[in-house]
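Grab a pencil and have the viewer open. Below are a few exercises, each followed by a worked solution.

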Amino acid sequence: MTDRYYSFEFFPPKTAEGAEKLRNTRAQLAPLQPKYISVTFGAGGTTQRGTLDAVLEIQREGIEAAPHLSCVGSSRESIRDILKTYRDNGIRHIVALRGDMPSGMGDIGEFRYANELVEFIRAETGDWFNIEVAAYPEYHPQARSPRHDLDNFVRKVKAGANSAITQYFFNADAYFRFVDDVRAMGVEVPIVPGIMPITNHSQLMRFSEMCGAEVPRWVAKRLESFGDDKESIRAFVLDVVTALCERLLASGVPGLHFYTLNTAGATKAIWQRLKL
Ligand code: FAD
């Protein structure tokens, strides 16, 4: 498949040092010619400015930039303002999310779910934005039931999303089943697997617990057995994630989206092994 595309995800740096580190990461990843780079956004607008700054910097470097936009805790007016800022700056690609309410923040705001945000973006800006939404092959942690979660995903796509990026997963079969299920429900948009090349054991277990991504028992056991041996953990994780990507690519996925965690090393290593 020649029109397959690759994208990278960053989070907005909080300090000048973090911003410099991210520039360095970008300099290493830019030669891989991603289709776009996306930048996450804190629910409730906590990193709103950071997202905009990072996105504009990426755009100035000549790479397509896609800000994430989460709606929980927001008013229509504030989302309208953000959309206008992006439009005024020539940004045409957005990852539209509900987000998670930060603890201590009470007001849920004027949007309840991502499908309402997608609808709003389309109503306000027509076809200006290419809209991505999130997909959960192992189901969203708060989903009432798998079927309900699939229905909600379909609702988001029907509201006007152009494509979807998945939560990361290690079970390729969960992804294949998810895609088959939503295709049977009439969804035709590309569903790009999100790839997590995390090489820190405790971070991997913590993230996976939080976002409902299953770490297979054999992977968890092997990781545990390496103890503090960071080199072995890194080598093993790179093997596992590369094998997952190989399987996905062989099955004809539309692309891969790398959760880089603002570092270049692991993503580059997998990239080279895959000979992309
Ligand atoms: P939704 O699609 O709204 O779904 C949330 C839950 O509500 C699901 O359980 C769903 O089944 C249910 N639901 C959906 N619609 C309805 C409905 N109409 N009626 C009843 N129930 C419904 N978070 C951030 O804060 N910032 C980011 O930048 C960010 N980027 C992400 C990027 C990707 C690719 C992914 C996969 C996740 C990202 N997240 C981010 C995390 C995301 O915000 C959380 O997973 C959040 O809990 C759900 O967001 P969503 O857009 O998938 O929500």
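Two strands pair if DSSP finds at least two bridges between them. Helices (H or I, at least four residues) and strands (E, at least two) are DSSP runs, numbered from the N terminus. This is a predicted model: local features need pLDDT of at least 70, side-chain atom pairs count only at pLDDT 80 or more, and totals for chains, interfaces and linings use all residues. Residues are numbered from 1 along each chain as its sequence is written, and side-chain values use heavy atoms, with hydrogens and water left out.

**Exercise 1.** Work out which strands pair with β3, and in which sense.

Solution. Start with β2 (residues 36–39): this strand pairs with β3 in the parallel sense, over 3 bridges. You can find the spot by looking for S38, which sits opposite A66 of β3. Next, go to β4 (residues 93–97), which also pairs with β3 in the parallel sense over 3 bridges. Here S70 has L97 as its bridge partner. To get from β3 to β4, the chain passes through helix α3 (residues 76–88), making a right-handed β-α-β crossover. (Right-handed means that, with the strands pointing away from the viewer, the path from the first strand over the helix to the second runs clockwise.)

**Exercise 2.** Decide how the residues of β3 point, and whether they are buried or exposed.

Solution. First, a general idea: in a regular strand the side chains alternate between the two faces of the sheet. Now look at β3 itself, where A65, P67 and L69 point one way, while A66, H68 and S70 point the other way. Then check the cover: 6 of the 6 residues in β3 (residues 65–70) are buried. Buried means under 20% relative accessible area, exposed over 50%, and partly exposed in between (1.4 Å probe, protein chains only).

**Exercise 3.** Trace the pairing from β4 through β5 to β6.

Solution. Step one: β4 and β5 run parallel and are joined by 3 bridges, with I94 opposite I131 of β5. Step two: β5 and β6 run parallel too, joined by 4 bridges, and A135 stands opposite T166 in β6. Step three: follow the chain from β5 through α5 to β6, and you have traced another β-α-β crossover, which is right-handed. As for cover, 5 of the 6 residues of β5 are buried.

**Exercise 4.** Find where Y139 sits, and say what its phi is near.

Solution. Locate the loop between β5 (130–135) and α5, which is where Y139 belongs. Its phi is near 75°, a positive value in a residue other than glycine. To finish, check the cover: Y139 is partly exposed, with a relative accessible area of 27%.
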